[in-house]
Amino acid sequence: MSQQPATLFDKVWDAHVVRKIEDGPDVFFIDRHFIHEVTSPVAFLGLENRKLQVMFPNKTFATADHNTPTINQHLPVQDPLSANQLKALETNSAKYGISHWGLGNPKNGIVHVVGPENGITLPGMTIVCGDSHTSTHGAFGAIAFGIGTSEVEMVLSSQCIMQPKPKKMLINVNGKLGKGVTPKDAVLYIISQLTAAGATGYFIEYAGEVFREMSMEGRMTVCNMSIEMGARGGMIAPDETTFAYIKGREKAPQGEAWDKALAYWKTLTTDEGATFDVVYDYQAADIEPQITYGTNPGMGIGISQRIPTAAKAGGSKASYEKSLDYMGFHENDAMLGKKIDYVFIGSCTNGRIEDFRAFASIVKGRKKADHVTAWIVPGSHIVEAQIREEGIYDILTEAGFQLRQPGCSACLAMNDDKIPAGKYAVSTSNRNFEGRQGPGARTLLASPLVAAAAAVTGVVTDPRDLIA
Amino acid sequence: MAYDKFTVLTSTAVPLPIENVDTDQIIPARFLKATERKGFGDNLFRDWRYNGDDSPKQDFVLNNPIYSGKILVAGKNFGSGSSREHAAWAIYDYGFRCVVSSFFADIFKNNSLNIGILPVQVSPEFLDKIFLAIEADAKAEITVDLDKQLITIAATGESESFAINSYKKHNLMNGYDDIDYLQAMKDEIRTFADKSIY
């Protein structure tokens with residue numbers, strides 16, 4: 001251990017540097033590597049072309065999620081290209097001895113949901129995946145971030161990537177989140193303050209009372225969206241909440257190994273006197289339920305507010321106008337009362353059991369608005385089973401909702417779950433980019449509570465008005 | 001995958017003065033279903049470039065025949081969002097070898113360097129000068145000299161230096177990649193892995 005005061009990030013990063021290159025990146029060792037069907041096939045082709053092997057097959061885990069249907073998963077996948085990609089993941093995993101939870105496997109689900117829920121994700125680890133929302137795993141005090149396919153090939157063949165060490169940002173949020181204000185609102189608020197590029201080049205540590213009191217599901221939601229302000233990732237120091245979540249999960253350490261790991265994990269905090277390159281402080285009392293109005297996640301406001309003018313929003317006026325034009329919105333429009341067409345709850349951001357509990361808390365005893373199409377997509381089969389066991393399924397069914405099967409679904413609309421052109425979707429996912437949820441689709445990012453309020457009223461509604 | 005060495009590039013440029021161009025715009029998710037790296041250039045900027053019926057959108061810069069070249073010049077925060085390397089592949093496959101902006105998203109920058117595209121970050125003022133030069137003359141040439149780390153607008157002679165670490169610079173100038181480097185140090189990696197508690 002270093003004698004100098006160190007941040008959580010420094011401790012984990014420095015423990016994984018195999019070699020430092022002068023005026024270059026660090027050779028950085030990876031403890032866990034997740035792969036999925038979309039960003040891995042070309043990496044495996046690369047291995048074949050260079051006649052390389054997978055160096056540590058037991059450190060890589062494969063699951064199919066991005067390009068899978070969310071209905072009729074027992075039937076053959078209709079789209080031949082998608083079927084081919086799923087087959088490639090299965091074949092490559094088998095060939096190199098990699099664990100594979102494909103479609104139909106009871107452990108299958110979204111990569112950033114199944115990793116934590118099976119105890120694969122642990123504090124102090126370095127975790128990568130060819131997916132930018134790998135930042136999710138930072139909730140456990142891991143350094144986790146998304147990589148490109150060339151880097152997937154590096155990890156497969158050498159368990160390392162070449163990575164310059166990012167700068168360090170500390171985000172403190174103190175106080176208590178108000179009624180109807182969720183972890184999703186906290187992170188959407190932070191992104192709206194920092195902008196979609198405000199943390200580029202940094203790795204974030206989230207600290208303060210709000211995160212200390214947050215569940216692991218909530219922490220995952222927050223860390224998940226670190227990339228939406230440009231940060232490679234964000235992390236939260238592991239504590240009793242973290243340890244309680246992990247203990248007993250299938251792949252978590254047990255017995256003596258648990259005690260040894262726990263002793264190490266308890267050292268993973270930022271030392272007093274350690275410094276960051278930049279620090280931001282926010283107050284929980286300033287955060288109300290959030291919603292986005294534009295085409296990047298930084299374009300968000302409190303649900304009771306009006307869309308800012310271009311001058312107030314800052315940045316290029318032409319880009320701002322292009323964005324509002326795409327959305328069919330205008331400066332100074334109120335968000336409350338805007339008619340919506342679709343609701344999507346799910347994704348690696350908000351596809352965990354707590355999110356469906358929140359959604360059900362509002363729809364219970366109410367009915368889905370007739371004109372709204374709702375896609376309710378659990379993050380994994382384990383989450384789906386919990387939804388049934390806890391009676392949430394019955395609440396959803398009585399309110400006129402149908403539960404779909406796990407997958408990334410309308411978050412990126414690679415499968416058939418596409419929002420039609422021009423339609424408005426309140427979505428618990430992470431990106432409101434043009435066309436993200438289907439060509440021409442218009443996305444309003446929000447929490448599961450805001451999504452539920454919109455689903456039962458058919459318009460953008462403040463969930464606090466529906467909470468007893 | 002091997003790529004062409006990058007030394008000095010002199011070319012006309014294609015202007016895209018839009019901020020926060022995310023990788024979903026560069027290549028939408030529905031075109032990520034291939035299991036091989038080919039043909040992505042056809043779908044570069046698909047939904048800005050084509051209408052729903054596949055007819056070209058006449059007002060998009062890639063459909064304007066007066067603009068061409070191996071350099072793409074874009075507004076700040078280029079390549080944000082998804083980590084899909086397919087975005088860099090699409091840009092390379094279309095024929096670009098260099099992207100100039102006043103700010104790049106991290107993952108896109110890494111992906112570009114890994115496949116032989118040079119991302120050149122310039123000051124906002126110099127970016128404006130490039131846009132003005134192209135606006136004045138669509139055939140204005142830009143020279144990017146990697147060895148000197150210098151970008152020059154030929155018509156005005158104005159230039160600005162840009163940063164790149166010496167490791168990546170050496171790789172790009174010689175057509176090497178990180179996998180070559182990592183393969184050469186596998187014993188060291190194995191020794192390191194033996195100490196891991198995970």
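The paragraphs below take up the sheets, the contact between the chains, the cavities and the pockets in turn.

This is a predicted model, in which local features need pLDDT of at least 70 and side-chain atom pairs count only at pLDDT 80 or more, while totals for chains, interfaces and linings use all residues; side-chain values use heavy atoms, with hydrogens and water left out. Residues are numbered from 1 along each chain as its sequence is written, and chains are lettered from A and ligands numbered from 1 in the order in which they are written.

Start with the sheets of chain A. Helices (H or I, at least four residues) and strands (E, at least two) are DSSP runs, numbered from the N terminus, and two strands pair if DSSP finds at least two bridges between them. An open sheet of 5 strands in chain A has the order 5-4-3-6-7, with parallel pairing. Its edges are strand 5 (99-101) and strand 7 (143-146) of chain A, each of which pairs on one side only. From one strand to the next the twist averages 20 degrees; axes are lines fitted to C-alpha atoms, for helices over the stretch in contact, and angles run from 0 to 180 degrees between N-to-C directions. Within this sheet, strand 3 (residues 32-35) and strand 6 (residues 126-129) of chain A run parallel and are joined by 3 bridges. His33(A) has Val128(A) in strand 6 of chain A as its bridge partner.

Another open sheet in chain A has 3 strands in the order 1-2-8, and here the pairing is antiparallel. Strand 1 (17-20) and strand 8 (160-163) of chain A are the edge strands, each pairing on one side only. The twist in this sheet averages 20 degrees from one strand to the next. Strand 1 and strand 2 of chain A pair over 3 bridges in the antiparallel sense, with Arg19(A) opposite Val27(A) in strand 2 of chain A. The hairpin of these two strands has 5 residues between the strands, and Asp23(A) takes a positive phi near 50 degrees there. On the other pairing, strand 2 (residues 26-29) and strand 8 of chain A are antiparallel over 4 bridges; Phe29(A) has Cys160(A) in strand 8 of chain A as its bridge partner.

What lies across this sheet from the other chain? Helix 8 (residues 186-194) of chain B lies across strand 1, strand 2 and strand 8 of chain A, and runs at about 145 degrees to strand 1 of chain A.

The contact between the chains (heavy atoms within 4.5 Å) takes 73 residues from chain A and 54 residues from chain B. The size of an interface is often given as the accessible area lost when the parts come together. Between chain B and chain A about 5300 Å² is buried, of which carbon and sulfur atoms give 59%; buried area is the accessible area (1.4 Å probe) that two parts lose on being put together, summed over both. In chain B, Lys33(B), Phe192(B) and Tyr198(B) lose the most area to chain A, together 16% of what that side buries.

Spaces are found on a 1 Å grid over the protein atoms alone: a cavity is a set of points where a 1.4 Å probe fits but cannot get out, a pocket is an open set with protein on both sides within 12 Å along at least five of seven lines, and lining residues have an atom within 4 Å of a point. Grid points are joined across faces, edges and corners, and a volume is the space filled by probe spheres set on the points.

There are 4 cavities of 30 Å³ or more. The largest cavity has a volume of about 200 Å³. It is lined by 23 residues, and those closest to its centre are His66(A), Asp131(A), Leu412(A), Arg436(A) and Ser82(B).

The largest pocket has a volume of about 870 Å³. Its lining has 40 residues, of which Tyr293(A), Asn296(A), Gly298(A), Met299(A) and Ala313(A) lie nearest its centre. Helix 12 of chain A gives the most to this lining, with 4 residues.

The second largest pocket has a volume of about 710 Å³. Among its 26 lining residues, Pro164(A), Asp106(B), Lys109(B), Asn110(B) and Asn165(B) are the closest to its centre. Helix 4 of chain B supplies the largest share of that lining, 5 residues.
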